[in-house]
Amino acid sequence: MSMSWENRVAFVVRYLYDIDNNGYLDAHDFYCLAVRTCVLEGKGECSSARLQKYQHVMLSLWEEIAQLADFDKDGMVTVEEFKQAVMNSCVGRKYQDFPQAMRAFIELNFRMIDLNCDGLLSLEEYRYDCVQRMVVDDIKIIDEAFNSLLNDDDRRKGGLTLSRYQELFAQFLGDISENCQAKNLFGPLDL
């Protein structure tokens with residue numbers, strides 16, 4: 001997979017939002033995301049109160065995405081529609097300027113990856129997240145991708161903080177260059 005902006009945005013649709021793998025986004029994906037988030041963050045436990053919270057967040061995200069991207073109003077958002085919406089809403093913008101529901105999803109995604117809940121994404125947590133989505137025959141490739149994300153402050157801290165993750169996520173979607181620093185946020189996508 002090329003590290004182009006278009007492929008990075010298509011990755012977000014395919015691997016982060018299109019949970020039922022039907023090639024487009026709809027409300028069903030976001031109901032499924034709520035259950036998935038509840039189970040993953042709860043490490044297997046899924047209380048009805050937490051599920052209700054995640055359903056609210058995910059359905060708000062769906063409503064925002066549909067409003068921004070469902071150009072033909074058919075209840076589905078294609079990859080092309082999503083790309084256009086990201087172009088309109090995220091390219092060239094900082095994290096705080098992203099749509100509110102998208103920011104909420106990014107924060108939830110960080111918490112799901114932060115397995116030990118210490119507020120820092122470590123190499124081990126990054127590895128765990130990556131191998132759930134891709135086939136890897138050499139762990140060094142994942143380690144190199146993680147290290148490419150780190151600046152000196154990240155190295156001192158031992159990983160990525162929430163604010164740094166938010167900054168990198170904003171670059172992943174908002175920087176149209178092929179060589180943006182955040183291109184490996186979800187692993188070495190050009191495997």
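This is a predicted model: local features need pLDDT of at least 70, side-chain atom pairs count only at pLDDT 80 or more; totals for chains, interfaces and linings use all residues.
Residues are numbered from 1 along each chain as its sequence is written, and side-chain values rest on heavy atoms, with hydrogens and water left out.

With a disulfide defined as a pair of cysteine sulfur atoms within 2.5 Å, the count comes to 0 disulfides. The sulfur of Cys130 has its closest cysteine sulfur in Cys180, at 15 Å, which is too far for a bond. Cys180 is likewise in no disulfide, the nearest cysteine sulfur being that of Cys90 at 13 Å. Cys130 is buried at a relative accessible area of 0%, and Cys180 also counts as buried, at 3%; here buried means under 20% relative accessible area, exposed over 50% and partly exposed in between, for a 1.4 Å probe and protein chains only.

Helices (H or I, at least four residues) and strands (E, at least two) are DSSP runs, numbered from the N terminus. In helix α6, which spans residues 123-131, the buried residues are Glu125, Tyr126, Asp129 and Cys130. Viewed down the axis of α6, these residues fall within an arc of 135 degrees and so line one face of the helix, the arc being that of the directions from the helix axis to the C-beta atoms. An α-helix has 3.6 residues a turn, so residues three or four places apart point the same way. The cover over the buried residues of α6 includes α5 (100-113), β3 (120-121) and α7 (139-149), where contact means heavy atoms within 4.5 Å.

A search of the whole structure returned 2 cavities of 30 Å³ or more. A cavity is a set of points, on a 1 Å grid over the protein atoms alone, where a 1.4 Å probe fits but cannot get out, and its lining residues have an atom within 4 Å of a point; grid points are joined across faces, edges and corners, and the volume is the space filled by probe spheres set on the points. The largest cavity holds about 80 Å³, and its lining includes Leu61, Ile65, Phe82, Cys90 and Met102. Helices α3 (48-69) and α4 (79-89) each supply at least two lining residues, with α3 giving the most, 5 residues. By class, this lining comprises 10 nonpolar, 1 polar and 1 charged residues, where Ala, Val, Leu, Ile, Met, Phe, Trp, Tyr, Cys and Pro count as nonpolar, Asp, Glu, Lys and Arg as charged, and the others, Gly among them, as polar.

The second largest cavity has a volume of about 50 Å³ and is lined by residues including Tyr126, Asp129, Leu149, Leu160 and Leu185. Its lining has 7 nonpolar, no polar and 1 charged residues.

Leu168 lies in helix α9 (residues 162-174) and is buried, at 0% relative accessibility. Residues up to four places away in sequence being left out, Leu168 touches Leu149, Leu160, Gln181, Ala182 and Leu185. Asn184, found in the segment after α9, is buried with a relative accessible area of 10%. With residues up to four places away in sequence again not counted, Asn184 touches Met3, Tyr126, Ala145, Ser148, Leu149 and Leu189.

Note on methods:
On a 1 Å grid over the protein atoms alone, a cavity is a set of points where a 1.4 Å probe fits but cannot get out, and a pocket is an open set with protein on both sides within 12 Å along at least five of seven lines; lining residues have an atom within 4 Å of a point.
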